[in-house]
Amino acid sequence: MDARFDYLLRQGDNALILSQQLSQLCGKGPALEEDMALTNVALDLLGQTRMWLTYAGEVEGAGRDEDRLAYLRDVRAFRNCLLVEQPNGDYAQVMVRQFFFDTWHYFLMRALLASSDRRIAEIAEKSIKEVTYHLRRSGDLVVRLGDGTEASHARMQAAVDALWTYTGEFFVYDEVERAMLAQGVAPAPDALRAAFLQHVGEVFEEATLRMPDPEAYMQRGGKQGRHGERLGYLLAEMQFLQRAYPGAEW
Amino acid sequence: MDTPAIVPVTAPAPAVTPEQVWDWLGQVPDPEIPVISVVDLGIVRAVVFDAAAGEWVVTITPTYSGCPAMAVIAEDVQAALKAHGLARVRIDSRLSPAWTTDWMSDAGRAALKGYGIAPPVQQVIDISGLANGVGRHAIRAPQVACPHCGSNHTRLTSQFGSTPCKALYQCLDCREPFDYFKCH
């Protein structure tokens, strides 16, 4: 498989799966403003998905457009990291998952502004402003809920401890990312990891949350298509219409 | 009997200039905020006639990547130019340089305010903004004047509003909530 195609799928699938998860919360937010914010972020991510998957389809050159890539691939062909497929759970889990993703996403997009692939640099340029808003919001909520009541603090710490094991996968490079790194397309993992840990540490300090051990055991496999059982159910719902009525449009 | 003179069925199209096309586009409203045109919003980046292809090319740039209004805007531009007699129009989308609220015209800003939406007050969002941290104290909500009573005594209630481009504010003097077109 072409490394660039795979790399683009990883970006597109991260945005797509997280967007789908946030969309499921539409109408269920704990407050009207939160509900609107969740769906705004979902919409931004869906727009970014289209840019990534459209380009992926062009690089692949097999005639697959963004819709075919989103709706007609099976679970093993998805390249999203494991973090974004973790269940919505309670609001603490939603926000901690978002904060971890936004932080990594922010530093990755900033680095991709300098990608040797012009199209990737353009997509990053378009995305970075949206991602900055996402990160400001999720960082703010981590502080408010972490340094909130006893109950909100406990829930936030539980979410942090549960989701931490899915944050290492961002920085473990396989042959796809090493090829992209060698071509100047993707940034080096160590720089992203240092920035990620520093930012998370600073926000957690203000949030009075305990930072887990960065050297703890980390789950991996999502980027290579080895997913948890749950992703299949998520795709079944997301892809139902196109599977049942192929080519349906409205 | 005289042979009738041959009259061309269609007269040659009058020369249309890019300035004329810009004028027409200046009358195409944004589908979500109809008081402001797509030109005032800064979405239209270029208008050229592609002589080789025999078509007008309008280059637009997306505001937010997922904004559903973009598809409608492309259709509205096509329809408006067709109504003015331009049969062949192509819409090109351009990502870079990325759209920014700095491109919004003064007329557009004034129209927004008159419509009850506070226009963007600062420069483009600072993507290096993490230098200020992103915690509780770092969200430096810009000072936005209430579009209803003009008071600067307002507060941000949510960074995300009813469309991707807006945030929610409330005026602490007249107590009215209002939309703020946020910087981007």
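Modeller: Happy to. In this predicted model, 36 residues of chain B are in contact with 34 residues of chain A, where contact means heavy atoms within 4.5 Å. Before going on, a word on conventions: residues are numbered from 1 along each chain as its sequence is written, and chains are lettered from A in the order in which they are written. Because the model is predicted, local features need pLDDT of at least 70 and side-chain atom pairs count only at pLDDT 80 or more, while totals for chains, interfaces and linings use all residues; side-chain values use heavy atoms, with hydrogens and water left out.

Now for the area. The size of an interface is often given as the accessible area lost when the parts come together. Here chain B and chain A bury about 3,200 Å² between them, and 63% of that is on carbon and sulfur atoms. Buried area is the accessible area (1.4 Å probe) that two parts lose on being put together, summed over both.

Sorted by class, the side of chain B that touches chain A has 17 nonpolar, 16 polar and three charged residues. For that sorting, Ala, Val, Leu, Ile, Met, Phe, Trp, Tyr, Cys and Pro count as nonpolar, Asp, Glu, Lys and Arg as charged, and the others, Gly among them, as polar.

As for specific pairs, the count of salt bridges between chain B and chain A is zero; a salt bridge is a side-chain nitrogen of Lys or Arg within 4 Å of a carboxyl oxygen of Asp or Glu. Polar contacts do turn up: eight residue pairs across the interface of chain B and chain A, both residues at pLDDT 80 or more. A polar contact is a pair of N or O atoms within 3.5 Å; within protein, one must be able to donate a hydrogen and the other to accept it, and residues adjacent in sequence count only if both atoms are side-chain atoms.

Within chain A, R243(A) sits in helix α9 (residues 229-244), and R243(A) touches Y71(A), L72(A), R73(A) and D74(A), leaving aside residues up to four places away in sequence.

Methods
Helices (H or I, at least four residues) and strands (E, at least two) are DSSP runs, numbered from the N terminus.
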